[in-house]
Amino acid sequence: MGWIEVAKAADMEEGQATKLCHAGRVVAVFRAEGEFYAIDDRCTHAEASLAEGEVFDTEVECPLHGAIFDLASGEALTLPATRPVNTYATRVEQGMVRVEIPGSSPGGA
Ligand code: FES
């Protein structure tokens with residue numbers, strides 16, 4: 001497990017997402033309601049990028065067919081998606097947002 005640096009917390013605006021590509025994964029990192037959330041970027045319905053979706057409260061709407069995912073649990077809240085996305089732990093250290101990616105080297109960058 002390793003904590004991967006994503007962006008300066010101050011540079012991420014409310015409702016904004018950024019993508020992190022690491023260890024073969026593409027993770028979408030969101031700032032929502034003042035917190036940071038990380039989920040798989042790929043929608044479980046037809047593989048659209050959730051980082052390009054619209055954020056409401058702590059949920060994101062897939063830009064392709066409109067399925068809504070809970071950013072905290074990864075749960076698919078509405079059709080057409082029925083399967084959840086993976087979620088990842090986040091933390092802010094020295095002003096930087098970090099995401100824990102399984103399979104990364106400890107403290108890796
Ligand atoms: S690709 Fe996301 S709802 Fe269809």
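A salt bridge here is a side-chain nitrogen of Lys or Arg within 4 Å of a carboxyl oxygen of Asp or Glu. The structure holds five of these salt bridges. This is a predicted model, in which local features need pLDDT of at least 70 and side-chain atom pairs count only at pLDDT 80 or more, while totals for chains, interfaces and linings use all residues. Residues are numbered from 1 along each chain as its sequence is written, and side-chain values use heavy atoms, leaving out hydrogens and water.

Select Glu5 and Arg98. They form a salt bridge, with the closest N and O atoms 3.0 Å apart. Glu5 lies in strand 1 and Arg98 in strand 10 (residues 96-101), so the pair ties together parts that are 93 residues apart in sequence. Strands are DSSP runs (E, at least two residues), numbered from the N terminus.

Check accessibility next. Buried means under 20% relative accessible area, exposed over 50%, and partly exposed in between (1.4 Å probe, protein chains only). Arg98 is buried at 16%; Glu5 is partly exposed at 38%.

Shared partners join Glu5, Arg91, Glu93 and Arg98 into one network. The Glu93 to Arg91 salt bridge spans 3.1 Å, N to O.

Now the cysteines. Cys43 is buried at 3%, and Cys62 is buried at 5%. The structure holds zero disulfides (pairs of cysteine sulfur atoms within 2.5 Å).

Finish at Glu13, in the loop between strand 1 (2-8) and strand 2 (17-22). Glu13 is exposed at 58%. Its C-alpha atom is 28 Å from that of Arg83.

Note on methods
Helix = DSSP H or I, 4+ residues; strand = E, 2+ residues; numbered from the N terminus.
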